Amino acid sequence: MTGFVRRLLRIAARPMRRDRGRGGYVVHPYRGYGSRHEVFLKGRVFRQAALGDYIPRYGMLRDVADVIRRIFRHGLPRVVVEVSLGDNVTTVTTDRDGYFDVHLPLDHPLPSDTAWHHAQLHVVLPGVEPVQSFTEIYIPPAEADLLVISDIDDTVMYTGVANKLRMLLRLFAKQAHQRMAFPGVAALYQALHVGSSGKARRPILYVSRGPWSIYEMLEKFFQLNRIPVGPILFLREWGISWRKPWPRRAEDHKYELIQHLLSMRDELPCVLIGDSGQHDPEVYARIVHEYPERIRAVYIRRVERKPERERAIDMLRDEIRHTGCDLVLADDSLAMAEHAFAQGLIAEEGVEKVRRESDR
């Protein structure tokens, strides 16, 4: 238990390490996402305390001090943030908690030979040096013919979402190399990425219920397991502060996000992938009802075998059947791959790779 507490402290303190204890004003943007016509990104401007000279640079005491600094840092309201991406420039103003949302129309085209673009952020505050930062923006290639939106927890990576305590222990106590990907996941997502032609370069966007503090761990996990790394943009801002010591509720987080992504690329059909443990089937069925011609398939990984849950998912499958979209409750990655091949979404070679990977 002591080791768990130390890891929890280390993770909670990680966002504070960038300033090396100096404190001051910070612009913290998250990665953005967009199309050839517009981009979106989110971030926060805040002020945090400096560390005293008596705090060591490393160790548990430093982590505790950084966690305290994180709790007591406060967002700066009504601050103007200038954002530039190539020759495209806009300004936004932070809300009362220091958060800002950027919607930047691309009046000036960006280079088309890359999917990642660098945005610069600039803040001028009275009496201090200007604060600058940058972030990456992901824009899918023009030839993409399908959008894949996937959950992470108990869909790609086993976390035990159905058991809250077990999930939290795995979330905070496991390093990237200790986490377990479901068999066949890497081959399945690689097949979806390249499509039946083998050259599609489809965007795969991942959503997690976890906090932004595990972002680096997730990226490393994807790389270690050879899972195509899209922009893991869509974690939750848990909003932990002195006034709000618990994570913000996220009941509609995934639904609103998928709606937003579908509206950005309204020409692309979509595949949704999730698990049976929580609300993915209900959220995805609601999306199918609202976009009946857009959703090609819904893949739900079975993570528990409760009769009442199975009946509820069967009812959802029947509710959306008239749209032509199949809701597949799958025991493994191979079942998803076989359906995707039958629908013309992946090549037969992709199915064989999933089969070989699943048999290891």
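This is a predicted model: local features need pLDDT of at least 70, side-chain atom pairs count only at pLDDT 80 or more; totals for chains, interfaces and linings use all residues.
**Exercise 1. Around Arg302**

Find where Arg302 sits, and list what its side chain meets.

*Solution.* 

- Step 1: Arg302 is in the loop between β14 (295-301) and α8 (307-320).
- Step 2: Check the accessibility. Its value is 18%, and the limit for buried is under 20%, so Arg302 is buried.
- Step 3: List the contacts. Leaving out residues up to four places away in sequence, Arg302 touches Ser276, Glu310, Leu329, Ala330 and Asp331.
- Step 4: Pick out polar contacts between side chains. Arg302 makes one with Glu310 at 2.8 Å and one with Asp331 at 2.3 Å.
- Step 5: Look at charge. Asp331 and Arg302 form a salt bridge, with their closest N and O atoms 2.3 Å apart. Asp331 lies in the loop between β15 and α9, so the pair ties together parts that are 29 residues apart in sequence.
- Step 6: Follow the shared partners. Salt bridges join Arg302, Arg305, Glu310 and Asp331 into one network.

**Exercise 2. Rings in pairs**

How many aromatic pairs does a search of the whole structure find? Describe the pair of Trp116 and Tyr138.

*Solution.* 

- Step 1: The search gives 5 aromatic pairs.
- Step 2: For Trp116 and Tyr138, the ring centres are 5.1 Å apart and the planes meet at 55 degrees, so the pair is tilted.
- Step 3: Trp116 is in strand β8 (residues 116-123) and Tyr138 in strand β9 (residues 131-138), so the pair ties together parts 22 residues apart in sequence.
- Step 4: Compare the accessibilities. Trp116 is partly exposed at 28%, whereas Tyr138 is buried at 9%.
- Step 5: Now try another pair, Tyr158 and Phe182. Their centres are 6.1 Å apart with 90 degrees between the planes, an edge-to-face arrangement.
- Step 6: Look for a bigger group. Tyr33, Trp116 and Tyr138 form one aromatic cluster.
- Step 7: Go back to Phe182. Arg301 lies over the face of this ring, at 4.3 Å from the ring centre.

**Exercise 3. Helix α9 from end to end**

Which residues of helix α9 (residues 333-342) are buried, and what do they pack against?

*Solution.* 

- Step 1: Asp332 caps the N-terminal end of α9, with a side-chain oxygen 3.3 Å from the backbone nitrogen of Leu334.
- Step 2: Go through the helix. The buried residues are Ser333, Leu334, Met336, Ala337, His339 and Ala340.
- Step 3: Find their neighbours. These buried residues pack against α4 (185-194), β13 (270-275), β14, β15 (326-330) and α10 (348-358).
- Step 4: Look past the helix. Gly344 follows α9 and has a positive phi, near 80 degrees.

Terms used:
Residues are numbered from 1 along each chain as its sequence is written. Side-chain values use heavy atoms; hydrogens and water are left out. Helices (H or I, at least four residues) and strands (E, at least two) are DSSP runs, numbered from the N terminus. Buried means under 20% relative accessible area, exposed over 50%, partly exposed in between (1.4 Å probe, protein chains only). A polar contact is a pair of N or O atoms within 3.5 Å; within protein, one must be able to donate a hydrogen and the other to accept it, and residues adjacent in sequence count only if both atoms are side-chain atoms. Contact means heavy atoms within 4.5 Å. Rings of Phe, Tyr and Trp (its six-membered ring) pair if their centres lie within 6.5 Å; planes under 30 degrees apart count as stacked, over 60 as edge-to-face and the rest as tilted. A charge sits over a ring if NZ of Lys or CZ of Arg is within 6 Å of the ring centre and within 35 degrees of the ring normal. A salt bridge is a side-chain nitrogen of Lys or Arg within 4 Å of a carboxyl oxygen of Asp or Glu.
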